[in-house]
Amino acid sequence: MLPKGETLDTLEVFRLDMMNKMDEDIDFTVTGMNMSKTFAARRLEIVNSSPSVQHLQERWPALLLEHQVCTEYQRTTNHKLKTELYAALDSHTNSLLTLA
C-alpha cells in the first residue's frame, strides 16, 4: 500500500532526487526520510520483478549504505539487525574461539 496521497509517479520523483544527491555529500536525514517514503514502491518493485542486486544498486544506491541496510532490515522484520547479529555472534563465541 502506497503512502496516503502518493502515487508511484510521485515516489519516483523522491527516488530520482535521492539518486542525484548520492553523488553529493549525503544528508542521512533526508535520505532516510526519502527511503521511508519510497518503501512501498521499492517493495512493489522487488516483489513484482525480482530484480538483480546490480539493478537494485543502480536504482536504489542508498539501499546499500550501512545505515539504510539496518533500517531496511528493521522495516521488514521489526528487529534490529545489529542487535540480532551481535547476539548470534555471542552465542557462538565459545565455538569460534576453539577454532583459533
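1. In this predicted model, Glu45 is buried, with a relative accessible area of 13%. The cut-off for buried is under 20%. Glu45 forms a salt bridge with Arg59, and their closest N and O atoms are 2.9 Å apart. Glu45 belongs to helix α3 and Arg59 to helix α4, so the pair ties together parts 14 residues apart in sequence.

2. Arg59 also meets the side chain of Glu12 in a salt bridge (3.5 Å, N to O). Here the parts tied together are 47 residues apart in sequence, because Arg59 lies in helix α4 (residues 53-59) and Glu12 in helix α1 (residues 8-21). Arg59 is partly exposed at 23% relative accessible area, and Glu12 is partly exposed at 25%.

3. The structure holds 7 salt bridges. One of them joins the side chains of Glu66 and Lys82 (2.8 Å, N to O). Glu66 is in helix α5 (residues 66-77) and Lys82 in helix α6, 16 residues apart. Glu66 counts as exposed at 53% relative accessibility, while Lys82 counts as partly exposed at 36%. Elsewhere, salt bridges with shared partners join Glu12, Arg15, Glu45 and Arg59 into one network.

4. Thr38 sits in the loop between α2 (28-37) and α3 (39-49). Thr38 is buried, with a relative accessible area of 0%. A polar atom of its side chain lies 3.4 Å from the backbone oxygen of Met35. Residues touched by Thr38 include Leu11, Phe14 and Trp60.

5. Leu89 lies in helix α6 (residues 81-99) and is partly exposed, at 42% relative accessible area.

Note on methods. Residues are numbered from 1 along each chain as its sequence is written. This is a predicted model: local features need pLDDT of at least 70, side-chain atom pairs count only at pLDDT 80 or more; totals for chains, interfaces and linings use all residues. Side-chain values use heavy atoms; hydrogens and water are left out. Helices (H or I, at least four residues) and strands (E, at least two) are DSSP runs, numbered from the N terminus. Buried means under 20% relative accessible area, exposed over 50%, partly exposed in between (1.4 Å probe, protein chains only). A polar contact is a pair of N or O atoms within 3.5 Å; within protein, one must be able to donate a hydrogen and the other to accept it, and residues adjacent in sequence count only if both atoms are side-chain atoms. Contact means heavy atoms within 4.5 Å. A salt bridge is a side-chain nitrogen of Lys or Arg within 4 Å of a carboxyl oxygen of Asp or Glu. Lists of a residue's contacts leave out its neighbours within four places in sequence.
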